Amino acid sequence: VTPSLEATFREEWPRAVAILTRVLGDIGLAEDVVQDAFTKAIERWPRDGVPRSPGAWIVATARNGAIDRIRRERTFARKAELLARLDDVQADEDADVSTIPDERLALLFTCCHPALGVEARIALTLREVAGLATHEIARAFLVTDATMAQRLVRAKRRVRDTGIPFRVPPDEVLPDRVPDVLRVLYLVFNEGYAASGGERLVRADLCAEAIRLAKLVCVLMPDEPEAFGLLALLLLQDSRRDARVGRDGELVLLGDQDRALWDTHAIDEGLRVLQRAKALGRPGPYQLQAAIAAGHAEGADPAAIAAVYDALVTIDPSPVVRLNRAVAIAFAGDIPRALELVDGLSELGGYSYFHAARADLLRRLGRDAEAAGAYREALARTDNLLEQRFLERRLREVEAGVRESGAAPAHGRRPPPRSRP
Amino acid sequence: MKYALLVYGDQSAWAELDEPEAARLREESMPRWLALFEEMGKADPAVEGRELAAAVDAKVVRVVDGERVVTDGPFAETKEQIGGLFVTTLPDLDEAIRIAALVPAAERGSLEIRPIVER
């Protein structure tokens with residue numbers, strides 16, 4: 001499959017799966033017939049040429065495949081109903097794709113339904129909406145193909161057996177459900193950006209997928225400021241991707257990053273998208289996080305960034321946001337206050353980043369022995385090799401500091417450097 | 001889709017109330033039950049609902065090595081026991097969740113939504 005053909009497939013996959021899901025009422029069956037249509041395309045397009053309207057060709061071929069299948073497999077009562085519904089689907093292979101109803105948004109809401117587990121939502125969204133192959137999703141999440149295939153089968157079965165609706169939620173529940181969708185995209189991005197396992201710190205393919213999906217959501221929900229807020233956030237975070245990993249593959253924190261490695265194109269795009277979000281006049285947590293990321297990108301005053309965090313905790317007082325706010329306060333210079341706030345977040349004790357942040361504050365206060373303990377706690381809670389390497393390096397530094405100040409537990413501030421004899 | 005909505009609640013808490021108090025609480029929640037029945041009837045005119053007698057009156061039957069063993073219920077030693085159920089056909093899970101949240105008992109106990117398998 002040539003790259004351009006692959007790109008076409010990715011584009012056309014969710015449109016076709018969405019239409020067939022609505023008509024057949026079964027996302028698993030829809031995927032099967034669309035998959036068959038793509039298999040036919042791989043055989044025929046290189047030989048006969050790419051059709052004038054690839055999307056319409058796929059939908060029409062999947063529709064015909066579904067008709068064949070239903071004639072063979074279904075009992076009479078359901079058969080007549082399904083065949084009648086398939087009759088209404090675009091059968092013209094050359095039709096303009098814009099004449100085919102766009103039901104990708106309904107598909108996205110189905111895949112991100114809260115009745116599914118978070119892992120199932122992510123897998124299903126990447127499979128059905130992003131059009132990734134099962135083995136690609138498996139590789140991204142470091143599980144075997146069989147495990148991922150099983151996860152997808154269970155998710156599709158649950159959609160069918162519990163009656164998860166295929167539709168854009170009605171207005172009265174839409175505000176509750178949009179965050180579910182955005183959260184799935186953010187989790188996909190985060191899995192790519194701060195990979196929880198494996199050798200690479202960043203899995204760029206997942207980041208790119210999340211951004212592509214966020215752009216699709218913005219196209220499908222042009223009045224939803226948080227969709228633009230999320231897209232801006234992802235673009236701005238992604239702009240620092242290359243600077244986050246040093247020459248030897250080690251993690252580089254924001255303050256130490258080489259700004260020349262930041263992707264200015266992504267920053268510009270992120271800032272533009274954020275303006276678009278703000279213009280809609282309804283702030284939300286993603287927009288505020290994007291504003292924070294924009295502040296970092298533009299080299300804003302750390303106190304101003306900490307102030308945006310103050311606004312963010314009032315609408316999202318989750319422990320992770322409170323932790324990040326504490327880190328921002330440290331950046332702005334008030335390390336004791338930051339440590340006080342971090343120490344109040346013991347519910348994050350299972351989270352490597354909590355211990356790493358705490359260790360960093362203790363280190364900067366010269367409390368090396370306590371910092372060493374916190375680095376060890378952080379190390380015990382991450383499987384990412386690059387994060388481990390970073391934490392080990394910091395741990396060695398503070399351990400050296402402990403030895404320097406004598407074996408007694410360090411307290412107060414770091415002793416002044418001794419002059420060499 | 002056909003769903004069973006199972007109503008769970010703490011029946012011992014009811015049993016501990018004296019009769020006038022229990023009657024007062026029942027009276028108090030009645031308008032909301034009536035509103036629920038109206039809403040359910042609109043969503044599915046063929047909806048069926050049943051209230052179950054107290055779980056302490058249940059009998060549990062098992063067959064162990066071919067022998068019939070009958071014990072006093074309830075089956076599980078949990079505080080929340082099933083106290084009633086509805087069987088209703090609704091368009092989708094979102095609608096089932098909306099209806100379940102209207103059941104007054106959802107505030108003191110919980111509602112379990114179980115899709116009914118249709119072959």
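1. Helices (H or I, at least four residues) and strands (E, at least two) are DSSP runs, numbered from the N terminus.

2. Bookkeeping: this is a predicted model, where local features need pLDDT of at least 70 and side-chain atom pairs count only at pLDDT 80 or more, while totals for chains, interfaces and linings use all residues. Residues are numbered from 1 along each chain as written, chains are lettered from A, and side-chain values use heavy atoms, without hydrogens and water.

3. B:Arg62 sits opposite B:Val69 of β4(B). Two residues lie between the strands, and B:Asp65 has a positive phi near 50 degrees.

4. Chain B also has an open four-stranded sheet, order β2-β5-β1-β6, with antiparallel pairing. β2 (48-51) and β6 (110-115) are its edge strands, each pairing on one side only. Neighbouring strands are turned by 20 degrees on average, direction ignored (axes are lines fitted to C-alpha atoms, for helices over the stretch in contact; angles run from 0 to 180 degrees between N-to-C directions).

5. Within that sheet, β1 (residues 2-10) and β5 (residues 80-89) of chain B run antiparallel over nine bridges; B:Gly9 has B:Gln81 as its bridge partner in β5(B). Helix α3 (residues 93-102) of chain B packs on the sheet, touching β1 and β6 (contact: heavy atoms within 4.5 Å), and its direction makes about 155 degrees with that of β6(B).

6. Over in chain A, A:Tyr353 belongs to helix α17 (residues 352-364).

Methods
Two strands pair if DSSP finds at least two bridges between them.
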